[in-house]
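I open this notebook to record what I looked up, entry by entry, with the cut-offs beside each term.

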Amino acid sequence: MRSKALTNLELTESYNLPDQRGHFGPYGGVFVAETLMLPISELTEAYYRYMKDKEFLAELDYDLQHYVGRPSPIYHAERLSREMGGAQIFLKREDLNHTGAHKVNNTVGQALLAKRMGKTRIIAETGAGQHGVATATVAARLGLECVVYMGSVDVARQAPNVLRMKLLGAKVVPVESGSKTLKDALNEAMRDWVTNVDNTFYIIGTVAGPHPYPAMVRDFQAVIGRESKEQMLEMTGHNPDVLVACVGGGSNAIGLFYPFIDDHEVAMHGVEAAGDGIATGRHSAPLSAGRPGVLHGNRTYLMEDEDGEIIETHSISAGLDYPGVGPEHAWLKDSGRAHYVSITDDEAMQGFHALTRLEGIIPALESSHAIAYAMKLATTLAKDKTILVNLSGRGDKDINTIAAREGISL
Amino acid sequence: MSRITKTLENLKQAGRKALIPFITAGDPSPAFTVPAMHEMVKAGADIIELGVPFSDPMADGPVIQRASERALAHKMSLRKVLELVREFRLQDDATPVVLMGYLNPVESLGYQNFVDKAKEVGVDGILTVDMPPEESSELLPMLDKAGIDPIFLLAPNSTEERIAKMGQLGRGYLYYVSLKGVTGASHLNLGDVERKIKEIRKLTSLPIEIGFGVKNAETAAAVSKLGDGVVVGSALVGKIESAGEDTSLALRDITDLLSSMRKSLNA
Ligand SMILES: Cc1ncc(COP(=O)(O)O)c(C=O)c1O
């Protein structure tokens, strides 16, 4: 069963987006400068070829099992569920992966692709630093040069991850332009890519960017949902009633959702960061409070002002602090297949503490948004209903942020 | 025939190369832009590319990024850039103006709304860095109807197929990006440019203006020989930045640089 879940890479049959040029309805596409068109078409060609290549898939499966530690378990959070007094909360334990988050599922895949394509240099953007660490990790293992762009605000608030990347041999470049967070790191990585297209592979960390990234990152992350389907069947005898995941760019959410898209009885709830509250304007919730536009190579919901300039976002969690969202989520929202909600910084902190105290699991601040929402949702559902939450990462990286917020000196 | 095409044909008949300066609208302040445009025309500019500032200028190097930030700090926007063009046209009905920027402000205004306003104020061409021809099927017919030229970028790694396609869809001129990199980069290789331009000429008869890496009178002269003209951006924007608050110094510096380029192009 273990290997079946892993090798079952064929795509869901009836839902078959994106189209050939990467569109999910009006969203997605390829909106980039001319110099990137050739490397993007080479990447697209290589990606679709290798996703059908038995040897490539076998190597990917091997790495996911033996290097990442898959499959990740599902855990029934019984005390937390009892405390809420409603639906049963289950956790997909992506926090137990090597490097501590779901991000590595994708970097292992893209790095194998980079190697197949003969690229010698890897670049990445990172917000929380989890994707940067996961990229530096696979680059170290494959002996590839690695440069990670990170907004200087994030460099300050995610210091432990900066050190981890450096120890792994990556060069971490603080980005001082714009809002100095994830979106600016992405801009800078794009500039690097356009300058070094011949030898460089850009490993994007979420389901954003130009096609094929949203589809490719989704397909690498879909192992989460494929495993979950089998595991929940084994544990409960049926599909979960509701899937819950936090949404920054949206990779852990789509990884969980995608294999369930055609199972219409399964509800899907994506949780954006409401920061200080949607009404304050200080948040990172484009699906809840933004409008469609074009940024970072695709059309999607964005946080922008009335002139189309991207506005600064806010979230306690660096990994959710992004003004855009993967184009497939924009489509799932418009089509009504998935439902998007938001959780404030304060609520996320409550979710963080609840899981830590009741279950002995310290979640990442990003994942704490999903936990907090699932706790609220559980109280509205009957005890025989099941909610599966993607616990996308562990919280060790966030202890400095939490200490500062709660006035604890280390 | 569009104002751009007419201008470039006249130059060709006179055996001259086009000099196309780029500045970011609203940098260092909105009041600077229109007078600077007039001065640049006096100094020998044939076409003006006016940068529309954007919060996330992914294809730009640090010099033009900072210009965008300065302009945005003054609340410059696509709507206001259009008003600057209207003001410029009060005194100059001859010099073509091309808006250069990113797609999102255009999406935000709405394609048809943007095209109508651009036509009304006298914009001649638009160059949208992150809108390749594949994603332009909605906007192109609107531009065509309004008589505004869509200008596409070609790069050192553009395939023959894409060059031919942009030759068909483009109007006015094609902008050849002389190197793989962002604006303001300087690793220009003339031999590579010459080879690529030869390839492009076989596939299209549109004029080819070459930009990225044109710094001074010498590079302008050398690069212009390979195509139909040069675009100079970061070198001018850098002068504006260095002058700081002293906008009359900025005006003097950019017109000096353009005059020297004009002389070397004519030589
Ligand atoms: C643990 C964790 N969860 C979630 C995210 C958000 O990214 P995405 O929405 O792509 O899953 C991040 C990003 O850094 C993260 O580190």
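Entry on a serine in chain B. I looked up B:Ser234 and found that it touches B:Val63, B:Ile64, B:Thr183 and B:Gly184, leaving out residues up to four places away in sequence, where contact means heavy atoms within 4.5 Å. B:Ser234 lies in helix α11 (residues 234–243) of chain B; helices are DSSP runs of H or I with at least four residues, strands are runs of E with at least two, and both are numbered from the N terminus. With 14% relative accessibility, B:Ser234 counts as buried, a word I use for under 20% relative accessible area, with exposed for over 50% and partly exposed in between (1.4 Å probe, protein chains only).

Note on conventions. I am working with a predicted model, in which local features need pLDDT of at least 70 and side-chain atom pairs count only at pLDDT 80 or more, while totals for chains, interfaces and linings use all residues. Residues are numbered from 1 along each chain as its sequence is written, chains are lettered from A and ligands numbered from 1 in the order in which they are written, and side-chain values use heavy atoms, with hydrogens and water left out.

Entry on a threonine in chain B. I then turned to B:Thr33, which lies in helix α2 (residues 30–42) of chain B and is buried, with a relative accessible area of 0%. Its side chain reaches the backbone nitrogen of B:Gly26 at 2.9 Å. Beyond neighbours within four places in sequence, B:Thr33 is in contact with residues including B:Ile23, B:Asp27, B:Leu50 and B:Leu84.

Entry on the cores. Which residues touch the most other members of the largest nonpolar core? Among its 90 residues, I noted A:Trp193, A:Tyr202 and A:Phe257; such a core is a set of buried Ala, Val, Leu, Ile, Met, Phe, Trp, Tyr and Cys residues joined through side-chain atoms within 4.5 Å. Helix α9 (residues 182–195) of chain A gives the largest share, seven residues. Domain 1 (23–67 + 103–217) and domain 2 (69–100 + 221–406) of chain A both contribute residues, so this core lies between them; the bounds come from an automatic or database domain assignment. Apart from it lies another core, of 70 residues, among them B:Ile23 and B:Tyr111.

Entry on the ligand. I looked up oxygen atoms of the ligand and found one 2.8 Å from an N or O atom in the side chain of A:Asn252, and one 3.1 Å from an N or O atom in the side chain of A:Lys103.

Methods. Polar contact = N/O pair within 3.5 Å; in protein donor to acceptor, adjacent residues only side chain to side chain.
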